[in-house]
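Have the viewer open as you read.

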Amino acid sequence: MKYRKITALCLAVFLMLSSVMTGCGREGKSLAPLPETESDKPPAVSEAMSGEAAASLEETLAGTGQTLTLTEAMARTGDLILVNSRLPYDFDANADSVDIVNIRDTQSFFYQVSKRELSVASRIMPSLDAMIASCHEAMGNEEAGIESAYRSLDYQINVMSEITELYGEDYAAKYVAQPGYSEHHTGLSVDIGRFFPDGSEGSFSESESAVWMNDNSWRYGFVRRYAEDKTAVTGISNEAWHFRYVGVPHAAYMKANNLALEEYLELLRSETDRSHPLSITAEDGTYAVYMTTETTIPEPAGDYRISGSNSGEWIVTVRL
């Protein structure tokens with residue numbers, strides 16, 4: 001197997017909240033959002049890894065002596081599942097693991113949502129709140145809010161029908177995912193909107209907030225999912241407003257290396273396994289990330305999280 005171990009250095013400057021994961025497997029807590037820094041640049045990239053860190057990684061991945069069984073349902077759930085025109089969202093597999101909550105009822109401070117019923121997966125709410133709060137502070141206004149979030153299958157059917165009727169089939173095919181194939185089904189994606197004090201709405205894409213979100217969302221575990229230079233990869237036209245939660249280490253690496261989720265998963269698929277993980281170093285520790293098709297693996301000795309890819313594989317993220 002081709003081997004490349006890349007360490008993302010300096011991410012630690014941004015990680016000051018220490019409890020980012022749990023040792024309870026796939027039901028762990030969300031990775032903690034990163035606080036603001038003076039720089040809006042993603043982590044630097046290096047080929048080096050210290051001997052101490054390498055030894056710690058080997059010991060941790062050797063496991064506790066216990067094993068984990070990875071199920072087919074787990075392969076279709078988690079923060080890194082890919083949902084696109086080829087891979088539908090598995091509603092049944094996620095029914096017991098995704099807790100959908102109302103944004104307005106659970107937000108830690110008030111920010112605008114376009115509809116009272118908008119919801120997301122509960123595990124991303126702390127990161128979403130932190131990202132919106134930091135955007136407001138950076139912009140000096142409170143214009144950024146949520147235009148769209150979780151969508152049921154029936155809701156997406158209605159969206160597709162309405163957009164097709166208003167703008168035609170070609171437009172709908174470029175900007176609206178087919179029902180069952182939308183990231184919004186996951187509860188991990190939000191469309192950011194621009195809301196003015198008088199209650200009117202403006203174009204988020206043309207706002208300074210859009211620039212800030214593009215540059216800084218990775219600090220909170222979100223990525224701009226459909227970038228202009230990735231349309232051939234994602235199959236979706238440029239959307240400056242659509243952000244997807246994947247977790248802080250993954251978002252930081254994707255931002256630093258200009259990778260769409262499809263590309264990041266392919267990198268893990270082709271260049272990592274338990275013996276050759278991708279390593280991302282932060283001030284509070286080093287993260288080891290690898291993809292596996294093995295249904296039984298050693299349980300890592302450190303805090304860890306497991307996510308499916310939605311195509312028969314599992315991604316293991318361990319904080320050393």
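## Salt bridges

In this predicted model, Arg116 is partly exposed, with a relative accessible area of 44%. Its side chain meets that of Asp105 in a salt bridge, at 2.6 Å from N to O. The two link distant parts of the chain: Arg116 sits in the loop between α3 (103-106) and β5, while Asp105 belongs to helix α3, eleven residues apart. Asp105 itself counts as exposed, at 53% relative accessibility.

Now turn to Arg123, whose side chain forms a salt bridge with that of Asp79 (2.7 Å, N to O). Arg123 lies in the loop between β5 and α4, and Asp79 in the loop between β3 (67-69) and α2 (91-94), so this pair ties together parts that are 44 residues apart in sequence. Asp79 has a relative accessible area of 3%, so this residue is buried, the cut-off being under 20%. A further pair is Arg76 with Glu72, whose closest N and O atoms are 2.8 Å apart. Here Arg76 counts as partly exposed at 26% relative accessibility, and Glu72 also counts as partly exposed, at 45%. Searching the whole structure gives 13 salt bridges, and a network of them links Glu183, Arg225, Arg244 and Glu262.

## Strand β7 and its partners

If you follow the chain to β7, you will find six of its seven residues buried, so the strand is largely enclosed by the rest of the structure. β7 runs antiparallel to β6, and four bridges join the two; within this pairing, Ser148 has Asp191 in β7 as its bridge partner. β7 is also antiparallel to β10, with three bridges between them, and there Ser189 stands opposite Arg244 in β10.

## The face of helix α7

Which residues of α7 are buried? They are Ser209, Ala210, Trp212, Met213 and Asn216. Looking down the axis of α7, you would see these residues fall within an arc of 160 degrees, so they line one face of the helix. Their cover includes α4, β6, β7 and β10.

## Nonpolar cores

The largest nonpolar core has 31 residues, of which Ile103, Leu128, Ile146, Val190, Ile192, Met213 and Phe222 touch the most other members. At least two residues of this core come from each of β5 (119-121), α4 (125-139), β6 (144-148), β7 (189-195), α7 (208-216) and β10 (239-245). The largest share, five residues, is supplied by α4.

For a closer look, select Leu128: leaving out residues up to four places away in sequence, Leu128 touches Tyr111, Ile146, Val190 and Phe222. Apart from this core lies another, of 22 residues, including Val246, Ala251, Leu267 and Val289. As background, nonpolar side chains in soluble globular proteins tend to be buried together.

Notes: Residues numbered from 1 in each chain as written. Predicted model: local features only at pLDDT ≥ 70, side-chain atom pairs only at ≥ 80, totals over all residues. Heavy atoms only, no water. Core = buried A, V, L, I, M, F, W, Y, C linked by side-chain atoms within 4.5 Å. Buried < 20%, exposed > 50% of the residue type's maximum accessible area, 1.4 Å probe, protein only. Contact = heavy atoms within 4.5 Å. Salt bridge = Lys/Arg side-chain N within 4 Å of Asp/Glu carboxyl O. Arc of directions from axis to C-beta. Pairing = 2+ DSSP bridges.
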